[in-house]
Amino acid sequence: MIWGIFKRDMCHATRNVIAVIVSMGLVVVPALYAWFNIAASWDPYGNTKALKVAVANNDKGYKSDLIPVRVNVGETIISTLHANDQLDWQFVKSDKAIDGVKSGEYYAAIVIPKGFSADMMTLFSPDIKHAQLKYYLNEKINPIAPHITDQGATTVVNTIDKTFAKTIAQVGLDLASSILHYSQSPQMAEYMRNLNGNLTTTADTLSGASQQVTSYSQLLGSANDIVDSTGKLLASATKAGKQAQNALKQGKSGATSLTSAGANVTSSVNTALDQVSGAFDQVAAKVNKAFDAIGKGSDTAASQLTALSEQVSSGESLYDTYITSLNHMRESVEQLPDSDSAKQALLEAIDREITLLEAAKGDSQKLAQQLKDASTQVTQDTAAAESSRKEILNRITSAKQSISNVRDDYATNVKPKIDALASTVSTLISQTDSMITQLSGTADGLDDVTGDVGTNVTSIRSTLGAIAKKLDSSAATVKELITKLETDGNAGDGNSDGGDGDNDADSGESDELRALATANASTLSTLISAPVALHRVSVYPIANYGSAMAPFYTILSIWVGAIILCAMLKVTISDREKAHVLGLGDTLPRIAGPSGPGNASRWGLRLDHEYFGRYAIFALLALLQGTLVCLGDTYFLGVQANHALQFLAVGWLAALVFSNIVYTLTVSFGDIGKAVAVVLLVMQVAGSGGTFPIETLPKFFQMLYPFLPFPHAIDAMHAAMAGSYGNEYLLDMVYLALFLIPSLLLGLVLRKPVIRLNNWVSRNLESTKVM
């Protein structure tokens, strides 16, 4: 029975061209509805460049003693917006901007007031004001445009805030960086060293002055005793002066003897060293002669080398004599006054000369031993004789060089220092003798200096005590400053030894300041002006706004297609069609009663046969509608569909569910059912969450949300497009399919009691000749 009804419906739908065209229109129209809406909303926020927003700058700028350069933030804003293509910025006068918003020429206008820069610069004054932009908005032109222009105005404000903060931060960082670089420069380090040195000298001077003042006070305390003993002191001074004169005479004699000894030593040194050097030349000649005689007779050569060895050994006494003379000279020098700076230099020169003589003596001893060894060797191994000759000649050369070093060092260092010391001592003795003579004369003239010296000693000592305390306090302050400078310098250099926690902390802060100041000032100022950066991580990303809206418009078009089917196709079967399906001719027997659902049940055509038989063509056309709109979304518009087959399956299931619901409402309640289907459409457009999140809708829609088929179909389509979390897709498909249960229950069971009532309502509506 169901197949018979469906087969006759298909024959009627394809009987003529008009029927085919109408059938095709029923399939295409819902798809066009979806495609136009999706294409229109493909990238609306990417086309905001055509929205005109006026900008007027009335800013007069700002200039003060703190900022001597004129600052005009308004001009900076205008320059920034010239490079911004987010909106179609129109730069006009303020009057034209406001009038353009009223007339609809501009969607919005931003007016920068006269005191904008001045208000921003109150950041550096106690009376801080918020700089304000005037924002004019025409809200009646378009419901979405105000939100887009609001975003543009917000962008302007954020740009101003970030630019201002970045500028202030960059100036501060540049200043800090310059100061830090200068503080680390060699000039600054030299200044700090000089400062520390000067402060140290000042502190020492203050401390010394305090000690001197204290000493003066103590000295004044014993002033009376000093005055009393002055005569005795002067008398003893006179006596000591005479004794000193005698001692000076002896010292002068010692200086003369030192000069004489130096001259004698010099003469003996030159004579002895010349003799030794000449002796070495003779030894070298005899060595060559002895070695040349090896071929004639080894015994003769050995005898000559032995004689040379003894000759060299006998010359060592000359070194000992010279060393003894230098030691005598050293003893004479040590008796001189220690205050003479030339004394120590002469002692060091004599010690170095003795060392050189001992080295030269060692070379002579080694030479003598080599000659002795060579005398033995030539009698045993004549082949190695030539090698021994070279070694002996080299040793002779080395010994002569040692002698030359001794002579040169004596002439360069010892002799001049002897002469200088003798001259200095003589001069000192003469000056001291003169001073003692003057002291004696002075002592003779001071016998009467014992008057009224101690009258005001007490008051003077009190004053001197107060001065000493002040000097000690000043010295302590300067030393504390030196310590602080040294601590800060060590912390800045990062040389803290880690033993002091405060120093470690200072060092860490200094390192952080150095790292901050040496970094890129522009980068740091940008970070300070916008310390938080938003890193977007897309979870189940959607390619564009059109793809995001595609599920809503696709599901909506499928429901609209179901309403169009019920509006264009008959949901009830005529008695003539029933008779043809039953094979009863063109009409049912009179016994069937009035025309209506179920009146042919006695011949086997039950109510459910009529329901499913006529619904079959509705289901076929609905599936075609769903297939076309989904394929068009994917392959014509290019809507994102990561799982194309799942996307198409949602369209098929939605087409079956929606067409069944609308068909059931219409077959059960006639035109009233069609009206209910339209009401359900309107309710689901608002309460499905397809455009705005369901959480933003009124409470009524949030409660109604789970009991509408749209949300489940849209969620399933989203999962098919971008990916499913767990069993999200399957669950939404199941929830969507569950809506068939109440629909079938109504179409097959619950509508039976109201069939007569529905027929009566239909007859009354037809009787109006209007409905």
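The legends below describe close-up views of a predicted model.

In this predicted model, local features need pLDDT of at least 70 and side-chain atom pairs count only at pLDDT 80 or more, while totals for chains, interfaces and linings use all residues. Residues are numbered from 1 along each chain as its sequence is written, and side-chain values use heavy atoms, with hydrogens and water left out.

**View 1. A salt bridge between D9 and R614.** The side chains of D9 and R614 meet at 2.8 Å, N to O, in a salt bridge (a side-chain nitrogen of Lys or Arg within 4 Å of a carboxyl oxygen of Asp or Glu). The pair links distant parts of the chain, 605 residues apart, with D9 in helix 1 (residues 2-13) and R614 in helix 18 (residues 607-637); helices are DSSP runs of H or I, at least four residues, numbered from the N terminus. D9 counts as buried because its relative accessibility is 8%, and R614 is likewise buried at 8%, where buried means under 20% relative accessible area, exposed over 50%, and partly exposed in between (1.4 Å probe, protein chains only).

View 2. K674 and D671 meet through their side chains at 3.5 Å, N to O, and both lie in helix 20 (residues 671-687), 3 residues apart, about one turn of the helix. K674 is partly exposed at 27% relative accessibility, as is D671 at 46%.

**View 3. The buried side of helix 23.** In helix 23 (residues 728-737), the buried residues are Y729, D732, M733 and L736. They lie on the same side of the helix because they cover an arc of only 100° around the axis, taken from the directions from the helix axis to the C-beta atoms.

Definitions and conventions. Helices (H or I, at least four residues) and strands (E, at least two) are DSSP runs, numbered from the N terminus.
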